[in-house]
Amino acid sequence: MEWAEPEIRPPRSGSQRAAIGAAFAATVPGLLLGVGSDHPSGYGGAAVFGLGIIGAAFLLAWAAEALQLDVSQGLALAVLALIAVLPEYVVDFTFASKAGEDPHRYAPLALANMTGSNRLLIGVGWTAVVLVAAWRMKRIARARGYAGDLDTQVRLDRPHSIEIGFLAVATAYSLTLPLKNHLTLFDCGVLVALYVGYVWRISRSPAEEPHLVGPARLLGGLPRAQRRAAVGAMLVYSAAVILTCAEPFADALVATGRELGISTFLLVQWLAPLASEAPELLVAILFAWRLNTNGGLGTLVSSKVNQWTLLVGTLPLVFVIAGGAGSGLPLDRLQREELFLTAAQSAFAVAILANRSIDVREAWSLFTLFAAQFVLGGVLPAGIRHWERLGVGIAYLVLASVILLADRGRLGGLGRDAFRTPASELARGDPRAGDAPPVAGPTPGSRS
């Protein structure tokens, strides 16, 4: 079946302005209360400050997309990588900083938000892109009267080998972290060096015209001077809101756990990431709806690299700067198990994506394992939950090993593309594998 850009109605500037206005309105209560001396606590404070972070994160996402029109490709990638997960950085850094003063109380929370957001990113985000795109393809096929077989795989263009390669190295190193009692400054050096190498590698990719959608498209359509002023103002304002709301949001989560008798660790691990990851997930799903699956999944893979290198690596640095022990951020048994489970899920996801494609069956396997672990973790008695985390983690690693063994012939090519092949050559694609240069429009996935 011949695929073409699905017919999409021109965006309405009124609805785009309304979306920006709604996001801005969501930030105002948290900002006003955050600058005051008395912060609401408990679930009321968590709701107000969490809503402020969500609104600011949407503004950041839209401004970050439009920023690509006005800076060089390399600078845009570096800035976007930091901006995309700024809400999560600030929440995590807040707990790491507090752990420097009170390790017993806050050290167990320092990695909770990071592990939750990483698992959500893969188990929900990657899955949603594949399933939404597959559903959309089938709907278009039915509308056109096509009844034959339909290839619904989501395939990444060849330049995304860089993200996959660096994610594979970061994942391999992260599997050593659960064996330690501390996240150390040495770990910081290794992971930050990986991030710097990743940014340097992708910064050498040739510039591309960004494919803007929604409010970002409205910003991109403004005259240059107005666009730069609007984007700059949104970036500064959003960062100010997040910095203002992050600490009271973290404190409110802790208070909520005490008030409701809910594990604070679970609130920090799952509720906070919903606030920080929501804009990015929605943007990726919108790309999938428009069948720009390369953009949707590629964005989430890049975010995963960012979180698994720079975010994890800088937590012990923040802890030490805040007055913590020079030996690094302490890890208790729960944190080590959560790190192991998160690293194992990452290994499974990298194994699936090693051929730069994910099909519906693989997407369901990612979601099923994520959901099963989430449910089991909530219903099993506390005394045996550690066996559940270890068991699911081992299952991830076994499945990853089976996939990598079956696809071992492709791993050499992936490694060359990730670390050695010139970025300009990657952008031209590989005709032998059926690749084509990256395009903004939809292309049906096909396993390479």
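Helices (H or I, at least four residues) and strands (E, at least two) are taken here as DSSP runs, numbered from the N terminus. This is a predicted model, so to speak of local features a pLDDT of at least 70 is needed, and side-chain atom pairs count only at pLDDT 80 or more, while totals for chains, interfaces and linings use all residues. Residues are numbered from 1 along each chain as its sequence is written, and side-chain values use heavy atoms, with hydrogens and water left out.

On that basis, the protein has 17 helices and 4 strands. Of its 448 residues, 53% count as buried, that is, under 20% relative accessible area, with over 50% called exposed and anything in between partly exposed (1.4 Å probe, protein chains only). The accessible surface comes to about 18800 Å², and carbon and sulfur atoms hold 64% of it. Among contacts (heavy atoms within 4.5 Å) between residues at least 6 apart in sequence, 85% join residues at least 24 apart.

K98 is buried, with a relative accessible area of 15%. Neighbours within four places in sequence aside, K98 is in contact with Y106, E247 and D251.

Two of those names come back where α5 meets α10: R105, Y106 and L109 in α5 touch D251, V254 and R258 in α10. The contact residues split into 3 nonpolar, no polar and 3 charged; here Ala, Val, Leu, Ile, Met, Phe, Trp, Tyr, Cys and Pro count as nonpolar, Asp, Glu, Lys and Arg as charged, and the others, Gly among them, as polar. The axes of α5 (residues 103-110) and α10 (residues 224-260) come within 13 Å and cross at roughly 105°. These axes are lines fitted to C-alpha atoms, for helices over the stretch in contact, with angles running from 0 to 180 degrees between N-to-C directions. The two helices are therefore roughly perpendicular to each other (65 to 115 degrees; under 35 is roughly parallel, over 145 roughly antiparallel, and the rest oblique).

The pairing of α6 (residues 112-143) with α13 (residues 333-353) has axes that come within 10 Å and cross at roughly 30°, which makes α6 roughly parallel to α13. On the α6 side the contact includes M114, I122 and W126, and on the α13 side it includes E338, L341 and L353. Overall, its residues divide into 7 nonpolar, 6 polar and 2 charged.

Note on methods. Accessible areas come from the Shrake-Rupley method with a 1.4 Å probe; for residues, only the protein chains shown count as cover.
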